[in-house]
Amino acid sequence: MQAKRLCLSEHKVFIESRVQMHMTVNVSISAVGLKKSYGPINAVAGIDFEVRSGEVFSLLGPNGAGKTTTIEMLEGLRKPDAGSINVAGFDPWKDASRMRRKVGIIPQGFNFIPRITPGEAISYFSTLFGVTDRSGELLELVNLKEMERTQFKDLSGGQKQKLGLCLAMVNNPDLLFLDEPTTGLDPQARRNMWDVIRKLKAEGKTILLTTHYLEEAEVLSDRVGIVDHGKMVACGTPDDIIKQHGSGKILHVSGNETVARKVNGATGLHCTVDGKNIAVEITSNSDVAQILDIVRESGVELRTLQLSEETLEEVFLKIVGRMEDIS
Amino acid sequence: MKLKNIIADLNVYGKNFVRSREGLFFTFVFPIVLIAIFGSIFSGNGGGSVPLYVQNLDSSSQAAQQLLAGLNSTHLVAISFIPSGANVTTYVSAHSITAALVIPSSFGRSVTTGGTVYLPFYNNPAVSSSQIAGQAIGSVIQQLNFNLSNAHDSIHVQPYTDSVVAQGYVDFLIPGLIGFTILTTPMFSVTFIVSNYKKDKIFRQLSLTPLTRGEWLMSKFLWYIIISGLSAILMIGTGVLLFKARVTVDLYVIPLVLIGVFMFVSLGTFAGSVARTEEGAAVIGNIVTFPMMFLSGTFFPISIMPQWLQTVAHFLPLYYVIDGLNAVMVYTNYTAAGIDILVALAITIAFFILAMLTFSWKEA
Ligand SMILES: Nc1ncnc2c1ncn2[C@@H]1O[C@H](COP(=O)(O)OP(=O)(O)OP(=O)(O)O)[C@@H](O)[C@H]1O
Ligand SMILES: [Mg+2]
C-alpha cells in the first residue's frame, strides 16, 4: 500500500519535472509506464522513475525482478513494449547511436574479445568513438595499469569488470549505466569498485546502477529504487525507504507474553515476544517511556533495554519477501 | 562506412586471430601439410613404382618382349597396357595418363635388321612419376642398344609432351587447395565467431560503439583476403619449389580469390546468424562445408569423379571458384574463367544478401 503511494508521489514529481525538462538539465533519465514482456513473462510491468543529474541511483531487486530489462531499455538495447523514455534528451531505441555517444554502459556480464589486452581494447574503442586514446589515464583510474598488456581472457573477474568500466568511460560520458558492476567480485575488489564509483560521482557524473547488495546500494546511492516482479515497489533515499516501509525504531526490552499483550493494548504498537524480551516497533521516542512504565508495573525485572534501527536490508526483505532469492 | 573504423576493427580482429595457435595452424601450416602429403603421394615421390602405360603394336616380336622384361626388371615402373586398337593421344588424355610408351609394329624387325626405330613416349616432365618412367625407359633402351646391335644406337625414344598428356596432379592441387583455404578459413572461423560473439555478448558490447555491422563485416572480409592471399602465395611457392608444379599466376587469380573470400565470409556470417547456439553453428558450418571440401575439385580434378558426382559438383559454390582458378592457372583459358567469375559473383551477392538479412547485433 505504502509502496504504491510513494511511487505515485514520485510520479507526480516526475511529471512536473518532465514538463520543465527541456529547460532544466537536472533530470538525466526519465521513464514513464515502461513495460516489456517476453512471451508470457512480464519482465517489466509498468515502471516509472527518474534519475537526476549528478546522483547515483541504484536499482535493487531479487533475481529476475526486471532490473536488467529496465536498464537495457534505457540503454536502447531492448525495445519497450510500452512507455516512454528520455535519456540525456534522446529516445534510446530510436536514437540509439546518437545517445550512446553521450553515455557509458557496462552491460550485465560484461565480456570482451578474448585475446585483446585492456590497452588495445581502450585504443580500439577510442578510435571508434573518434576521441583521443586515454588508456593510460583510464587504467590508472581503475587501478588496472599493471594489467595493460594482459589478454582479456587471462584477467580476473574483477579486472574484467574494471576494463568494462574503462570502456564505458572512453567517450567521457556524463551518464553511466552500470548493470551489476560488482557481482562476483571479492570484498576487496568490490570496495575498489565503490571507490571508483565515488570518484566518478565526485566528478559530477550521473550513475544508474543495479545491484543485489543492499549495503552497496546504501553506501553508494543517493536514491534507491526497489524492483520486484517488474514493478517499482519503493523508491527514494535509503532513509526515506526505511522510514516509509520500515517500522522505524525497535525497542527491545525485558518482558513476556503478558507484557506484550498489555503494551499492545495500551499503545496499539506491533509487539512480538523474543525469548525473555519483547520487541516493539515504536513510532516515536515518547512511546519508550510509556512502554517502560508498563514493564515496571508488570513487575518484570529490567535486564534488557535496547533501541535499534531497521536496516535497508530488513526493509528490503520485508518488501520483497523472498529471502531465498537474495544472494 | 568509415575506413578508420574498419581499420581499427581489422587491427583488433587480426591480433585476436594471430594470437590463437589454431587459427594460424589452419591458415598457414595446414594447407602446406596438405600439399606436401598429396603432392608426395601422387607425384610418385614416395618411392615404389610409378605407372607406365604401354601400347605394344609388335607383340609377336622377341625384341618387344625383351624391352618389356627389361622395364619390369627395373622395378621403377608398373606396366599397364593400352589396347592396340586405341588412339594413343585420345586414350592418354581420357585417362589422365602422365607416361605412355608406344612400341611400333616395326620395332622387332628394325632391331634385328639394325635399322633405326623411334618409340613415341608421351610424358609430362613436370611430374616426377613421369620423369621416373622416362628414366626407366632410357636405361632399358640403352641396354638393348648395347646388346642387340653392337654398332651405333638404333632405338630412340621420341618424347611427346604436348597437351594431350595429362597435367601433373600437383598442377591441379594448387588451385584446388587455394580454393580449399578460401572455403575453410573464412567458413569455419566466421561461422564460429558470429555465433560465439552473439553468445558471449561481444556483439552487444560492440553495438555500444559507433562501429556498424557493415564495417565489422568489411573488416572480416579484408582480414580473410589478407590471410587467404598469404596462404595462397605460400601454397604456390611450396608447389612450385617442391613439386615442380607448372601453374600460371596472373591478375585473373585476384578476382577469383576476392569473390571466393567474400562468398564464404558471407555464407559463414549467415550460418552463424541463423544458428541458435555455438554447437548449432558448428553443425550447420560442417554440413555446408564438408561436401564442398571434397567434391569441388579441391584434392583432385572433378573430371576423375563419376558423372553423377560431377553433376553434384556444379551445385557447389566452391566449384566455380576452383574451376575458375584451374581455368586461369592450369589451362590459361580466360573465357572459361570469366564465366566462372560471373557465376561465383552471382552466388556471392545472394549469400551477402542472406547474411545482411539475418546478421543482427540487437536482441530486441
Ligand atoms: N531475452 C529474454 N528472453 C526471455 N526471457 C527473458 C529474457 N531476458 C530476461 N528474461 C526474463 O525476464 C525476467 C526479468 O529478467 P531481468 O534480467 O530483467 O532480471 P534482473 O532483475 O536483471 O535479474 P538478475 O538480478 O538475475 O540479473 C526474468 O524472469 C527473465 O527470465
Ligand atoms: Mg540483471
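## Salt bridges, a ligand shell and a surface patch

E72(A), R78(A) and R204(B) are joined up in a network of salt bridges. What you're looking at is a predicted model, so take everything below as computed from that model. Counted over all chains, there are 21 salt bridges. Besides those, ligand 1 has a shell of 15 residues around it, and chain B contributes a nonpolar surface patch that includes F26(B).

**Salt bridges in chain A**

- Let's start with E216(A) and R190(A), which form a salt bridge with their closest N and O atoms 3.5 Å apart. E216(A) sits in helix α8 (residues 214-220) and R190(A) in helix α7 (residues 187-202), so this pair ties together parts of chain A that are 26 residues apart in sequence.
- On the accessibility side, D222(A) is partly exposed, with a relative accessible area of 27%. K201(A) is partly exposed as well, at 28%.
- K145(A) and E148(A) also meet through their side chains in a salt bridge, with an N to O distance of 3.1 Å. At 32% relative accessibility, K145(A) falls in the partly exposed class.

**Around ligand 1**

- Which residues come closest to ligand 1? They are N63(A), K67(A), T68(A), T69(A) and H212(A), out of 15 residues that surround the ligand.
- Sorted by class, that shell has 7 polar, 5 nonpolar and 3 charged residues.
- Two elements of chain A, β2 (41-52) and α2 (67-74), each supply at least two residues of the shell. Of the elements, α2(A) gives the most, with 3 residues.
- Oxygen atoms of ligand 1 also have polar neighbours. An N or O atom in the side chain of Q108(A) is 2.9 Å from one ligand oxygen, while a polar side-chain atom of E180(A) lies 3.1 Å from an oxygen atom of the ligand.
- With A65(A) it's the backbone that takes part: one of its N or O atoms lies 3.2 Å from an oxygen atom of ligand 1. As for cover, ligand 1 on its own exposes 630 Å², and the protein buries 67% of that.

**A nonpolar patch on chain B**

- Which residues make up the nonpolar patch on the surface? They're F25(B), F26(B), V29(B), V33(B), I37(B) and I41(B), and together they have about 520 Å² of accessible area.
- F26(B) is one to click on: you'll find it in helix α2 (residues 21-43) of chain B. With a relative accessible area of 47%, F26(B) is partly exposed.

**Loops worth a look in chain A**

- I116(A) lies in the loop between β5 (103-106) and α4 (118-129). I116(A) counts as buried, since its relative accessibility is 0%.
- How many residues separate I116(A) and F152(A) in sequence? The answer is 36, yet C-alpha to C-alpha they are 5.6 Å apart in space.
- N143(A) isn't a glycine, but its phi is positive, at about 65°. N143(A) belongs to the loop between α5 (135-141) and α6 (157-169), and at 51% relative accessibility this residue counts as exposed.
- N172(A) also has a positive phi, near 50°, and isn't a glycine either. You'll find N172(A) in the loop between α6 and β6 (175-179), where it is partly exposed, with a relative accessible area of 45%.

Key: Residues numbered from 1 in each chain as written. Chains lettered and ligands numbered in written order. Predicted model: local features only at pLDDT ≥ 70, side-chain atom pairs only at ≥ 80, totals over all residues. Heavy atoms only, no water. Patch = residues over 30% accessible without salt bridge, like charges linked within 9 Å, V, L, I, M, F, W, Y side chains within 5 Å. Areas by Shrake-Rupley, 256 points an atom, 1.4 Å probe, with all protein chains shown as cover. Salt bridge = Lys/Arg side-chain N within 4 Å of Asp/Glu carboxyl O. Helix = DSSP H or I, 4+ residues; strand = E, 2+ residues; numbered from the N terminus. Buried < 20%, exposed > 50% of the residue type's maximum accessible area, 1.4 Å probe, protein only. Near = heavy atom within 4 Å. Polar contact = N/O pair within 3.5 Å; in protein donor to acceptor, adjacent residues only side chain to side chain. Nonpolar A, V, L, I, M, F, W, Y, C, P; charged D, E, K, R; others polar.
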